[in-house]
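Let's take a walk through a protein model together. Have a look at the chain first, and then we'll go through it piece by piece.

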Amino acid sequence: MYTGCPGTGSAQAGRGASCQGCPNQRLCASGAGAAPDPAIEEIKEKMKNVKHKILVLSGKGGVGKSTFSAHLAHGLAEDENTQIAVLDIDICGPSIPKIMGLEGEQVHQSGSGWSPVYVDDNLGVMSVGFLLSSPDDAVIWRGPKKNGMIKQFLRDVDWGEIDYLIVDTPPGTSDEHLSVVQYLSAAHIDGAVIVTTPQEVSLQDVRKEISFCRKVKLPIIGVVENMSGFICPKCEKESQIFPPTTGGAELMCQALKIPLLGRVPLDPQIGKSCDKGQSFMTEAPNSPATLAYRSIIQRIQVFCSPHPSHQEELVGS
């Protein structure tokens with residue numbers, strides 16, 4: 001972990017002694033000492049009607065981060081009085097349109113900006129996938145163009161009155177992550193949910209993600225352990241497809257003093273539901289995975305509640 005990070009807005013960003021060896025050193029240094037981007041204040045104004053902003057992060061690809069983002073949105077949107085939006089900033093691998101049944105949809109321009117594509121009346125989605133002529137098109141962009149796209153999503157989309165904005169990010173700690181944290185710096189991010197699988201090869205990268213959050217002062221809501229065991233539907237015995245050889249997410253969270261929000265077991269129906277663009281929680285309401293999702297969503301809602309003791313409740317439970 002890199003300690004003493006000066007922060008992305010500091011004149012010493014990327015140039016301080018603590019920046020040596022940091023994978024983002026060059027990117028931070030390229031903007032050090034520059035005038036603040038006017039888009040930050042514009043985005044703050046645009047986001048004033050968005051009550052809660054949650055980033056969904058993962059250190060490694062393939063751990064089910066986008067699947068979790070989609071089901072977090074579906075779960076929150078079950079309350080018809082709650083407005084939910086999903087922003088997919090995985091520029092090179094936008095899977096949210098497919099998972100949410102919106103593949104082939106197009107973005108429409110209105111007088112107040114881009115209009116999200118809606119799954120339901122209270123669940124809107126924005127993704128670069130809606131801007132591609134084909135789902136098979138490759139997005140081959142350098143960092144500045146990715147950053148510009150994220151800025152445009154945050155500033156130019158007509159989100160309206162939103163209770164929860166869920167931002168689905170690509171794996172790692174790169175341009176997209178720095179950009180969204182910087183652009184939302186004046187608009188307040190509630191925190192990040194970090195998704196992992198139980199095995200050490202995934203936890204290694206998650207520790208880097210936790211380090212990133214702490215360096216950029218992004219609150220961590222907690223960790224979700226995905227694909228956590230498989231219960232055979234016939235014999236009801238549990239098997240560990242991804243063995244937690246070092247204690248899994250639970251031991252890591254204890255060591256790093258971060259809440260473990262819950263474990264979501266493997267269920268083949270989750271993948272089938274995502275391929276069909278449907279909510280697994282609606283398709284299999286009594287599945288152990290659905291119960292796990294609902295418990296995790298409830299804990300995220302507790303974190304975002306105005307009560308000052310919410311974080312202590314999560315850590316202590």
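## Ground rules

This is a predicted model, so local features need pLDDT of at least 70 and side-chain atom pairs count only at pLDDT 80 or more, while totals for chains, interfaces and linings use all residues. Residues are numbered from 1 along each chain as its sequence is written, and side-chain values use heavy atoms, with hydrogens and water left out.

## The whole chain

The protein chain has 12 helices and 11 strands. Both are DSSP runs numbered from the N terminus: helices are H or I with at least four residues, strands are E with at least two. Of the chain's 317 residues, 52% count as buried. Buried means under 20% relative accessible area, exposed means over 50%, and partly exposed is in between (1.4 Å probe, protein chains only).

Now for contacts, meaning heavy atoms within 4.5 Å. Take those in the chain with a separation of 6 or more: 74% of them join residues 24 or more positions apart.

Which residues of helix 9 are buried? In this helix, residues 268-276, they are Ile-270, Ser-273 and Cys-274. They sit on the same side of helix 9 because they cover an arc of only 100° around the axis, going by the directions from the helix axis to the C-beta atoms. An α-helix has 3.6 residues a turn, so residues three or four places apart point the same way.

The face turned away from the buried side carries exposed Pro-268, Lys-272 and Asp-275. The buried residues pack against helix 3 (65-77), helix 4 (96-99), strand 11 (260-266), helix 10 (280-283) and helix 11 (288-304).

Over in helix 3 you'll find Thr-67. Thr-67 counts as buried because its relative accessibility is 16%. Leaving out residues up to four places away in sequence, Thr-67 touches Ile-99, Ile-270, Cys-274 and Tyr-293.

## Cysteines

How many disulfides are there? The structure holds 0, where a disulfide is a pair of cysteine sulfur atoms within 2.5 Å. Cys-253 counts as buried because its relative accessibility is 5%, and Cys-304 is buried too, with a relative accessible area of 6%.

## A pocket

The lining of the second largest pocket has 17 residues, with Glu-103, Gly-129, Leu-132, Ser-134 and Pro-135 nearest its centre. On a 1 Å grid over the protein atoms alone, a pocket is an open set of points where a 1.4 Å probe fits, with protein on both sides within 12 Å along at least five of seven lines; lining residues have an atom within 4 Å of a point.
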